[in-house]
Amino acid sequence: MTIGIDKIGFATGRYRLDMGDLAQSRGVDSEKFSKGLLLDALSITPITEDIVTLGASAANSILDEKDKASIDMVLVATESSIDQSKAAAVYIHSLLGIQPFARSLELKEACYSATAALNYAKLHVEKHPQSKVLVIASDIAKYGINTPGEPTQGSGSIAMLISQNPRLLELHDDNVAQTRDIMDFWRPNYSTTPFVDGMYSTKQYLDMLKTTWAEYQKRSGKTLADFSAFCFHLPFPKLALKGFNKIMDKSLPDAKKEALKANFDASITYSRQIGNIYTGSLFLGLLSLLENSEHLQAGENIALFSYGSGAVAEIFSATLVDGFKSQLKTNRKEELESRQSISVADYETIFFEEDALDEDGNASFADYVTNDFSLVAIKGHQRIYEAKDGQENN
Ligand code: CAA
């Protein structure tokens, strides 16, 4: 029995901030963002969109009624949670109408936890081959106005359906993880934005990559020559490019090096337009690779590097399955182009709007553009979500 990713879906904020506009407004040379960070635009969410609406929309784009009857676990990985107690997975389970006898929970370790969720899902299907598990990585990356991290913000969610005999990617058993207790990026409960030691975080990312990759090669006996592509966690694409250069084996034939670079470029295509989506960003890189690479073939292997500040890293691998292209979208770029462009002033208002609760814990919101679901109100401190077809869930 093979186990892996059967379907993959994506949702991102429906507003787009142009990096050239942000650079101009901040008095920065626009090439610092376009070449220094490799970013062209960011996806911005309004107050009516959160990890629940993004996650439900990403999953809604791939699930059919048969899937909803077979899913018996919903895992949501996030570092921008909306509640200290209730899991976003419970809201999403309800919004999607998944059968009731399911386990739903939320996982956290910065940008890493979706990788752990994927592994948990795989182990679950190994034990219960008829089960399907919905893994969602959902985040809104918010650093604050005029901070060093500001140009690397973003929002989005990746949903993956894990099953036996997957039609997209078969996951292997070669995972190697590493944990290091460091303070590179963290967000105490009382803060809406993270504390970041930016330069230190990039050094740790690269060192965790180098050391985990060395251990992975030692344990698995595999080398870069065994892979057609290497996907990286993408806080911003330039850091992943540094990672790619770090693991490059200079003894490989030029043609192999060029093929790996072409696939790397395919893997950052979407992130360049979206920014950081924290837990989902590695998998957005994977989706971007699969939908934009002109060379990938069934049977080829892909390595993945997951990194979550704090810090936990993991390298694992997967093989493309026969017919994988039928599981992918061909109009994703058009969908991204259809986002509504906003000015820097509008971005500053929309992205940083906070709930204005009355004394009874009620709030209502302006009518913003969202994906398939939106947060329509807060009533007595309870978040009320609605599908675009008008059905209310609370
Ligand atoms: N033209 C072209 N390039 C230019 C330029 C210009 N005019 N001006 C500057 N640059 C280049 C710089 O040379 C640099 O490139 P290199 O690193 O290749 O030298 C790049 O633009 C960035 O410029 P700076 O070095 O001046 O750095 P910065 O002020 O933009 O800050 C950062 C970079 C500290 C990483 C900041 O973006 C940040 O704090 N980001 C948030 C933290 C983060 O993403 N960390 C990543 C690892 S942690 C993680 O992975 C978890 C997560 O998701 C957050």
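Predicted model: local features only at pLDDT ≥ 70, side-chain atom pairs only at ≥ 80, totals over all residues.
A polar contact is a pair of N or O atoms within 3.5 Å.

**Ligand contacts**

A polar side-chain atom of Asp29 sits 2.9 Å from a nitrogen atom of the ligand, which means the pair falls within 3.5 Å and counts as a polar contact. Lys238 also uses its side chain: an N or O atom there is 2.9 Å from an oxygen atom of the ligand. Pro148 contributes a polar backbone atom, 3.3 Å from an oxygen atom of the ligand.

| Residue | Protein atom | Ligand atom | Distance |
|---|---|---|---|
| Asp29 | polar side-chain atom | nitrogen | 2.9 Å |
| Lys238 | side-chain N or O | oxygen | 2.9 Å |
| Pro148 | polar backbone atom | oxygen | 3.3 Å |

On its own, the ligand has 1100 Å² of accessible area, and the protein covers 74% of this.

**The shell**

The ligand is surrounded by 26 residues. Asp29, Ser201, His233, Lys238 and Lys242 are the closest. By type, the shell holds 12 nonpolar, 9 polar and 5 charged residues. Three helices each supply at least two shell residues: helix 2 (30-37), helix 7 (198-220) and helix 8 (237-247). Helix 7 gives the largest share, with 5 residues.

Where does the ligand lie relative to domain 1 and domain 2? Domain 1 (3-168 + 330-393) and domain 2 (171-322) both give residues to the shell, so the ligand lies between them. The space that the ligand takes is the second largest pocket.

**Backbone features**

Most residues other than glycine have a negative phi, and most peptide bonds are trans. Leu38 is not a glycine, yet its phi is positive, about 60°. Leu38 is placed in the loop between helix 2 and strand 3 (41-44). Helix 2 is also one of the helices that supply the ligand shell.

The other site is a cis peptide bond between Gly310 and Ala311, with omega about 10°. Ala311 belongs to the loop that separates strand 13 (301-308) from strand 14 (312-320).

Note on methods:
Residues numbered from 1 in each chain as written. Heavy atoms only, no water. Near = heavy atom within 4 Å. Polar contact = N/O pair within 3.5 Å; in protein donor to acceptor, adjacent residues only side chain to side chain. Areas by Shrake-Rupley, 256 points an atom, 1.4 Å probe, with all protein chains shown as cover. 1 Å grid on protein atoms, 1.4 Å probe; cavity = no way out; pocket = protein on both sides within 12 Å on 5 of 7 lines; lining within 4 Å. Sits in = over half its atoms within 2 Å of the grid points. Helix = DSSP H or I, 4+ residues; strand = E, 2+ residues; numbered from the N terminus. Nonpolar A, V, L, I, M, F, W, Y, C, P; charged D, E, K, R; others polar. Domains from an automatic or database assignment.
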